[in-house]
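Student: I have the model open now and would like to go through it with you. Can we take the parts one at a time?

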There are 2 protein chains.
Amino acid sequence: MSTIMSACCEPTITNVLHQADADDLARRLKAVSDPTRLKLISMLAHLPGLEACVCDITEALGVSQPTVSHHFKVLAEAGLVDRRKDGTWVHYRLRPQAFEDLTIALSIPAPVA
Amino acid sequence: MSTIMSACCEPTITNVLHQADADDLARRLKAVSDPTRLKLISMLAHLPGLEACVCDITEALGVSQPTVSHHFKVLAEAGLVDRRKDGTWVHYRLRPQAFEDLTIALSIPAPVA
DNA sequence: GAGATATATTGACACTTGTCTATATAGATG
DNA sequence: CATCTATATAGACAAGTGTCAATATATCTC
């Protein structure tokens, strides 16, 4: 897992977060950095199983169905939701661990001095 | 403070995260959703006072000075760094509280069911 | 004031992104 | 098989983004 802090505090400026880790973390953070996706996530978070199908979200979100599919695809590719097919419906479910990973990666230690 | 979870779990899909809160949170998350800025933040996080001047970061980051200034501006406008002028130098310092706010906003509760 | 240094701003450019409409695909049901 | 429903994909478009070179601004020092 890539965190902003790596091992511990070195007194010199070094490129502590490697390019590949920075790219990966940025990709996951970008997936949650959109107002529509945040509202979508918020809706899922309020549902008992942390999941919903595309049609319900489309109705509640006020954007077109292809747009909702697009946003779910972005979230799925970032590992933030799981996709479960149930007949004609497709249910997307939040992966709490993925969000916890993000919060850990964003943790900044208390000021040293 | 805007969190993805608002009060508690309602059993119906509602637009729980209001537009203004979603916009604000997205803006702050976007500020950290860039690989270059993540590396920059990582560098600051490893320094004793959580701060550095533009020139040191420019040297270590391998991008142009205007680009570093631009990234610091984005971070400052999102409230993630403070700006402190010291003669010709300008020091930017991480605001740990702002990062903690982000991690709180991204928290997803454990599955209800 | 003149020159040197550190930072910010401007303008340009390629690239990405969010949204839509139109259409395709897949599964259920008659 | 035909049709309906749910979802995904393709294509288009406007808006936003990351970067740089060039230039402006501000501060220090002589």
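Student: Which element gives the most to the surface near DNA strand D?

Tutor: This is a predicted model, and in it the element that gives the most to the surface near DNA strand D is α4(A), with six residues.

Student: Let's move to the fold. What pattern does chain A follow along the sequence?

Tutor: Chain A reads α-α-β-α-α-β-β-α along its sequence, which amounts to five helices and three strands.

Student: How much of chain A is buried?

Tutor: Of its 113 residues, 35% count as buried. As for the contacts in chain A with a separation of 6 or more, 49% of them are accounted for by residues 24 or more positions apart.

Student: Back to the helices, then. At roughly what angle do α3(A) and α4(A) cross?

Tutor: The axes of α3 (residues 54–61) of chain A and α4(A) cross at roughly 115° and come within 9 Å, and the crossing is right-handed. On the α3(A) side the contact is made by A:V54, A:I57, A:T58 and A:L61, and on the α4(A) side by A:Q65, A:V68, A:S69 and A:F72. Five of the residues in the contact of α3(A) with α4(A) are nonpolar, three are polar and none is charged.

Student: What about α2 and α3 in chain B, at what angle do they pack?

Tutor: Helix α2 (residues 35–45) of chain B packs against α3(B) at an angle of about 120°, with the two axes 11 Å apart. Because of that angle, α2(B) counts as oblique to α3(B). The crossing of α2(B) past α3(B) is right-handed.

Student: Which residues meet there?

Tutor: From α2(B) there are B:T36, B:K39, B:L40 and B:M43, which meet B:I57, B:A60 and B:L61 of α3(B). The contact of α2(B) with α3(B) has five nonpolar residues, one polar and one charged.

Student: A few single residues next. What is the phi of A:L50?

Tutor: A:L50 has a phi near 60°, which is a positive value in a residue other than glycine. A:L50 is placed in the loop between α2 (35–45) and β1 of chain A.

Student: Is A:L50 buried or exposed, and why?

Tutor: A:L50 counts as buried, because 23 C-beta neighbours lie inside 10 Å and the cut-off for buried is 20 or more.

Student: And B:L50, where does it lie?

Tutor: B:L50 lies in the loop between α2 and β1 (51–53) of chain B. The phi of B:L50 is positive, about 60°, although B:L50 is not a glycine, and with 23 C-beta neighbours inside 10 Å B:L50 counts as buried.

Student: Why does A:A52 count as buried?

Tutor: A:A52, which lies in strand β1 (residues 51–53) of chain A, counts as buried because it has 22 C-beta neighbours inside 10 Å.

Student: Last one: where is B:L25?

Tutor: B:L25 is in helix α1 (residues 19–31) of chain B, and B:L25 counts as buried, with 26 C-beta neighbours inside 10 Å. B:L25 and B:L102 are 77 residues apart along the chain, and their C-alpha atoms are separated by 7.9 Å.

Notes
Residues numbered from 1 in each chain as written. Chains lettered and ligands numbered in written order. Predicted model: local features only at pLDDT ≥ 70, side-chain atom pairs only at ≥ 80, totals over all residues. Axes fitted to C-alpha atoms, helices over the stretch in contact; angles between N-to-C directions. Helix = DSSP H or I, 4+ residues; strand = E, 2+ residues; numbered from the N terminus. Left-handed = near helix turned anticlockwise from the far one by under 90°. Contact = placed C-beta atoms within 7 Å. Nonpolar A, V, L, I, M, F, W, Y, C, P; charged D, E, K, R; others polar. Buried ≥ 20, exposed ≤ 12 C-beta atoms within 10 Å, placed from the backbone. Parallel < 35°, antiparallel > 145°, perpendicular 65-115°, else oblique.
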